[in-house]
Structure formats: structure tokens, C-alpha cells
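Hi there,

Here is the structure I promised to pass on.

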Amino acid sequence: MAKSAPEPEKRPGFFSQIKSLFRFTREAYPWLPWAQIAILVGGVLIGLVVGYLIPPLQWWTLVLWGLTGLMVGVLGAMILMTRLSTSAMYTKIDGMPGATGHVISTSLGRRWQGSDTPVGINPKTQEAVYRAVGRGGIVVIGEGARGRLTRLINEERSKAQRVAHGVPVTVLYVGHGDDEVPIADLAKTIKKLPKAIDKTTMAAVIRRIESVSQSLSSLPIPKGIDPTKVRSQRPR
């Protein structure tokens with residue numbers, strides 16, 4: 001008998017994702033539940049005040065305005081949790097191998113293309129180099145000790161300049177030292193680069209670079225990380 005096809009992996013539902021996001025954010029900001037409750041109550045109170053001030057005063061208008069305020073409060077509470085979760089994510093992944101790949105593969109938007117897999121890596125020290133291509137040109141990002149990244153950065157920059165002549169190549173280093181970019185500001189820094197190429201040129205550059213990129217599948221490459229599953233290291 002033929003084996004039945006494996007069932008597709010079941011993805012978590014919407015409410016399950018919200019619950020996981022809430023727990024993750026609350027670990028970094030324990031006061032989150034109280035802030036959300038305050039926003040909900042404030043939304044309802046504002047709705048009731050508006051309903052009271054707008055004539056004619058009827059009980060059902062107060063109910064409708066109260067429900068409207070509640071919905072506004074829910075929206076405000078969700079926005080607060082989303083923004084805090086982003087801040088908590090950057091705090092958790094700061095300094096972790098693969099953090100750069102996670103940011104450039106999820107936070108750059110449609111005008112940029114990047115992968116959570118590095119284009120160059122030192123297997124012994126885990127220093128890695130990532131690349132993003134977008135309307136601002138080519139960006140080469142170093143993750144790790146800056147002194148040990150020199151060779152990898154120079155190799156990737158030379159490759160980019162060779163296959164995409166005339167396209168600007170920007171080099172960034174992730175970190176907290178002089179002339180380095182904190183992981184929380186990496187996406188914002190890349191997006192601020194001035195437009196240098198159009199969409200057609202961008203697509204051509206991506207094809208050229210990928211055609212000459214060497215396969216790194218056999219190396220212990222740190223993939224992008226899931227910030228909601230990050231755990232603090234145990235003390236030794």
C-alpha cells in the first residue's frame with residue numbers, strides 16, 4: 001500500500017500567536033498587563049464621556065459609545081504590545097549569532113532583499129558577514145569582532161563591486177563601538193540610505209551576485225533566530 005502523504009505542519013492560530021507575543025513581551029516589561037488594562041478602561045471612559053456630551057442623551061448611545069471606546073482601547077493595547085515586543089526582541093537578540101540575519105530578512109520591507117543566511121563566515125569564531133540588496137545599493141554587514149571581520153568584509157565587498165560595477169557598496173558593522181550600528185538601529189540605518197538604483201537594476205544586481213556566490217551549506221551557519229524562543233544563558 002502506498003504511504004499516505006504527510007499532513008502539513010499545523011501553524012499556530014491568531015490567538016495563540018497573540019498569547020505567545022504577550023508572554024514574551026511581559027518577560028521584558030512586567031508592567032505590560034497593567035498598562036493595557038489602563039488603556040482599555042481609558043478608552044471606555046472616553047467613549048462614555050463622548051456619548052454623554054453628544055445630544056440627545058440616550059442609554060443606548062452610551063452603550064454604543066462605550067463599545068466604541070472599548071474597541072479603540074483594544075487597538076491601543078495591541079499597538080503598545082507590538083512596539084514593546086519589538087524593543088524586547090532587539091534586547092534579547094543583541095549580541096547573538098544570527099541576529100543580523102533575522103533583522104535583514106524580516107525588517108527591511110519590500111525595497112530591500114536579504115537572507116538570514118550569511119554570505120561569509122568564520123566557522124571557528126562565528127564571525128559572519130551578511131548582505132542586503134535594495135534601492136540604496138548593496139550593503140555588507142559584519143557581525144562579530146570587527147578586527148577578525150576584515151578579510152571576510154573585503155572579500156564580499158570586492159565581489160559586489162566586481163559583479164555590480166557602479167552600484168554603491170555600503171559596509172556596516174553591528175555592535176556598540178565607534179562607527180558601529182546597534183542591532184536595534186540596523187534596519188532603520190539601511191532604510192535611510194539614499195536611492196541609487198531602480199527596480200530593474202536591483203533585480204539584475206541580485207541575479208549577478210547570487211550567480212557568483214559560493215555555497216555555504218556545509219558550514220555551521222547560524223540561521224536567523226526566533227526571538228520568542230530566546231532564553232537567557234545559564235550561569236556557569
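First, a term for what follows: buried means under 20% relative accessible area, exposed means over 50%, and partly exposed is in between (1.4 Å probe, protein chains only). Please keep in mind that this is a predicted model, in which local features need pLDDT of at least 70 and side-chain atom pairs count only at pLDDT 80 or more, while totals for chains, interfaces and linings use all residues. Residues are numbered from 1 along each chain as its sequence is written, and side-chain values use heavy atoms, with hydrogens and water left out.

**Overall layout**

The chain has 7 helices and 5 strands, which are DSSP runs numbered from the N terminus (helices are H or I with at least four residues, strands are E with at least two). Along the sequence they follow the pattern α-α-α-α-β-β-β-β-α-β-α-α. Of the 236 residues, 34% are buried. Taking contacts (heavy atoms within 4.5 Å) between residues at least 6 apart in sequence, 62% join residues at least 24 apart.

**Inside**

A nonpolar core here is a set of buried Ala, Val, Leu, Ile, Met, Phe, Trp, Tyr and Cys residues joined through side-chain atoms within 4.5 Å. The largest one has 27 residues, and Ile-141, Ile-183, Leu-186 and Ile-190 have the most contacts inside it. Two or more residues come from each of helix H3 (59-93), helix H4 (99-106), E3, strand E4 (137-143), strand E5 (169-174) and helix H6 (186-191). H3 gives the largest share, 6 residues. A second, separate core has 17 residues, including Val-140, Leu-152, Tyr-173 and Ile-197.

**Charged pairs**

Which residue does the side chain of Arg-131 meet in a polar contact? The partner is the side chain of Glu-156, at 2.6 Å. (A polar contact is a pair of N or O atoms within 3.5 Å; within protein, one must be able to donate a hydrogen and the other to accept it, and residues adjacent in sequence count only if both atoms are side-chain atoms.) Arg-131 sits in strand E3 (residues 128-134) and is buried, at 13% relative accessible area.

The whole structure holds 6 salt bridges, meaning a side-chain nitrogen of Lys or Arg within 4 Å of a carboxyl oxygen of Asp or Glu. One of them pairs Glu-27 with Lys-92, with the closest N and O atoms 3.8 Å apart. Glu-27 is in helix H1 (residues 14-28) and Lys-92 is in helix H3, so this pair ties together parts 65 residues apart in sequence.

Glu-155 and Arg-151 form another, at 3.0 Å from N to O. Both are in helix H5 (residues 150-163), 4 residues apart, or about one turn of the helix. Arg-151 is exposed at 51%, whereas Glu-155 is partly exposed at 44%.

Lys-188 and Asp-185 also form a salt bridge, their closest N and O atoms being 3.7 Å apart. Through shared partners, salt bridges join Arg-131, Glu-156 and Lys-159 into one network.

**Outside**

Leu-67 is in helix H3 and is partly exposed, with a relative accessible area of 47%. Together with Trp-59, Trp-60, Val-63, Leu-64, Leu-70 and Val-74, Leu-67 forms a nonpolar surface patch with about 700 Å² of accessible area. Patches are made of residues with over 30% relative accessible area and no salt bridge; like charges are joined within 9 Å, and nonpolar side chains (Val, Leu, Ile, Met, Phe, Trp, Tyr) within 5 Å. Accessible areas come from the Shrake-Rupley method with a 1.4 Å probe, and for residues only the protein chains shown count as cover.

Best wishes
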